[in-house]
Amino acid sequence: MRTLEAAALRLKKRRMARRGIMPRLWLFSDPARLPDPHAALAALPRGSGAVARGVHAPLLPRLVRLARRRGGVLLVGGHGRAALRLRAGLHLPDRPTTSELLPFLIARRRGAAWAVLSAAAHGPAGLRRARRLAADLVFLSPAFPTPSHPGAPVLGPLRWAALARRAGRPCAALGGITPATAGRLPRGVAGLAAITALMR
């Protein structure tokens, strides 16, 4: 059976400098399409990651517990204070709107193993920011046409690969990722991330 989970399993495991092995498969929540990703995350293979974007604060502790119990990683989207309080990772959107980033970065500098940092990037500026902050992982998007942003320009596999080579950080692909499109990405891709393809 061709699934996104199977495609992610074929990726080479990448060991990160300070945080151990990062997930190769990532579920993104979405305020409109997947406001509570609990069931979808529970259905993924052990060790998968999730990025909780636009998730109501009362749902976050349960998601963090689920990710830990299943040997995965949960990144809180754009809220450094919530990530710090929950001892969860943090995902930075491409636009600089993250609240309470400094305390989280201080926790990272002090060696907190749970303080995984990812960053979204849509082009060179986002990649420079990810390098400057020493992000553990960059979600480089949109790789392909995506329902999240219908009609928006996409990177395509060649430009995605060229940007990833210059990133200076491991890059996971986001945007229009399906079993078919995953096969068009370069061999060095650090992970696959999706909303629709991983919804249950």
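Reader: Which residue forms a salt bridge with D136, and how far apart are the closest N and O atoms?

Author: The general idea is that side chains of opposite charge can pair when their charged atoms come close. In this structure, which is a predicted model, D136 forms a salt bridge with R108, and the closest N and O atoms are 2.7 Å apart. The pair links distant parts of the chain, since D136 is in the loop between α6 (124-132) and β8 while R108 is in helix α5, 28 residues apart.

Reader: Is D136 buried or exposed, and what about R108?

Author: D136 is buried, and R108 is buried as well.

Reader: How many salt bridges does the count come to?

Author: The count comes to four salt bridges. Among them is the one that D36 forms with R62, where the closest N and O atoms are 3.0 Å apart. This pair, too, links distant parts of the chain, with D36 in the loop between β3 and α2 and R62 in helix α3 (residues 60-69), 26 residues apart. D36 is partly exposed, at a relative accessible area of 30%, and R62 counts as partly exposed at 34%. Another of the salt bridges joins R81 to E100, with 2.8 Å between the closest N and O atoms. Here R81 counts as exposed because its relative accessibility, 52%, is over the cut-off of 50%, whereas E100 is partly exposed at 35%.

Reader: Which residues is H38 in contact with, leaving aside its neighbours within four places in sequence?

Author: With those neighbours left aside, H38 is in contact with R62, L63 and L66. H38 itself is found in helix α2 (residues 38-43), and it counts as buried because its relative accessible area of 19% is under the cut-off of 20%.

Reader: How many aromatic pairs does the count come to?

Author: The count comes to three aromatic pairs. F28 lies in strand β3 (residues 25-28) and F139 in strand β8 (residues 137-140), so the pair ties together parts that are 111 residues apart in sequence. F28 is buried, with a relative accessible area of 1%, and F139 is buried, with a relative accessible area of 0%. Another pair, F104 and W114, is also edge-to-face, at 6.1 Å centre to centre and 70° between the planes. F104 is in helix α5 (residues 101-109) and W114 in the loop between α5 and β7 (117-121), 10 residues apart, and both F104 and W114 are buried.

Reader: Which residues form one aromatic cluster?

Author: That cluster is made of W26, F28 and F139.

Reader: Which residues point one way from strand β10, and which the other way?

Author: In a regular strand the side chains alternate between the two faces of the sheet. In strand β10 (residues 191-194), G191 and A193 point one way, L192 and A194 point the other way, and all are buried.

Reader: How many bridges join β3 to β10?

Author: Three bridges join these strands, and β3 and β10 run parallel. Among the residues involved, L27 has A194 in β10 as its bridge partner. Strand β9 (residues 171-174) also pairs with β10 in the parallel sense, over three bridges, and there the partner of A172 in β10 is G191.

Methods. Residues numbered from 1 in each chain as written. Predicted model: local features only at pLDDT ≥ 70, side-chain atom pairs only at ≥ 80, totals over all residues. Heavy atoms only, no water. Phe/Tyr/Trp six-rings, centres within 6.5 Å; stacked < 30°, edge-to-face > 60°. Helix = DSSP H or I, 4+ residues; strand = E, 2+ residues; numbered from the N terminus. Buried < 20%, exposed > 50% of the residue type's maximum accessible area, 1.4 Å probe, protein only. Pairing = 2+ DSSP bridges. Contact = heavy atoms within 4.5 Å. Salt bridge = Lys/Arg side-chain N within 4 Å of Asp/Glu carboxyl O.
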